[in-house]
Amino acid sequence: MANMNKTEAFNKLGASPKNTVWSVSAFNKDKQLVLSLWQDFFKTESGKAIYVDSISRWHGHGNKEFRENFLIAYEKKMPIRAVIARTNNIEGVKRGEDASKFHNTFSPKLDWIGEITSWDGDNFEITFERST
């Protein structure tokens, strides 16, 4: 799917971010959590895409909302949908800088369904498989 802005990518998965600048998570009408996830934090294992990150790595405005939404999805075992974020400054992202100031593009993964496979309140892992 073509690169688009974040709001367009979320809309393709049926979700509308509360804030178009800093929201990186939103629920859709199908009771799924849509997350914007950095391409560079994925690894592939046994044909699955695995995202590994920590919430404390960054401190942008969307962090509190992300943490609250993530907790709800974890407790209710909700499916996770992915919007893949690409940036021109991955080192800045890794340092936790305000990524809304970077040049970013977004692509919704329409055929991926994920589940939270590990979370300790900060560090987390989400495993995605292609839906059939």
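**Strands 3 and 4**

In which sense do strand 3 and strand 4 pair, and over how many bridges? Strand 3 (residues 42–45) and strand 4 are antiparallel partners, joined over 4 bridges. Strands here are DSSP E runs of at least two residues, helices are H or I runs of at least four, and both are numbered from the N terminus; two strands count as paired if DSSP finds at least two bridges between them. Lys 43 has Ile 50 in strand 4 as its bridge partner. The hairpin of these strands has 2 residues between them, and Ser 46 takes a positive phi near 50 degrees there.

**How to read the model**

This is a predicted model, in which local features need pLDDT of at least 70 and side-chain atom pairs count only at pLDDT 80 or more, while totals for chains, interfaces and linings use all residues. Residues are numbered from 1 along each chain as its sequence is written, and side-chain values use heavy atoms, with hydrogens and water left out.

The average pLDDT (the predictor's confidence in each residue, from 0 to 100) is 94 for the chain, and 98% of the residues score at least 70.

Strand 4 (residues 48–54) is mostly covered, with 5 of its 7 residues buried (under 20% relative accessible area with a 1.4 Å probe, protein chains only; over 50% is exposed, in between partly exposed). Strand 4 also pairs with strand 8 (residues 123–130), antiparallel over 6 bridges, and Tyr 51 has Ile 126 as its bridge partner there.

Strand 8 in turn runs antiparallel to strand 7 (residues 112–119), with 7 bridges joining them. Gly 114 stands opposite Phe 128 of strand 8. Strands 7 and 8 form a hairpin with 3 residues between them, where Gly 121 in the turn has a positive phi of about 95 degrees.

Let's turn to the loops. Ser 23, between helix 1 (6–12) and strand 1, is buried at a relative accessible area of 0%. Its side chain reaches the backbone nitrogen of Asn 19 at 2.9 Å.

Asn 28 lies between strand 1 and strand 2 (33–38) and is buried too, at 8% relative accessible area. The side chain of Asn 28 has a polar atom 2.9 Å from the backbone oxygen of Leu 13.

Note on methods:
Polar contact = N/O pair within 3.5 Å; in protein donor to acceptor, adjacent residues only side chain to side chain.
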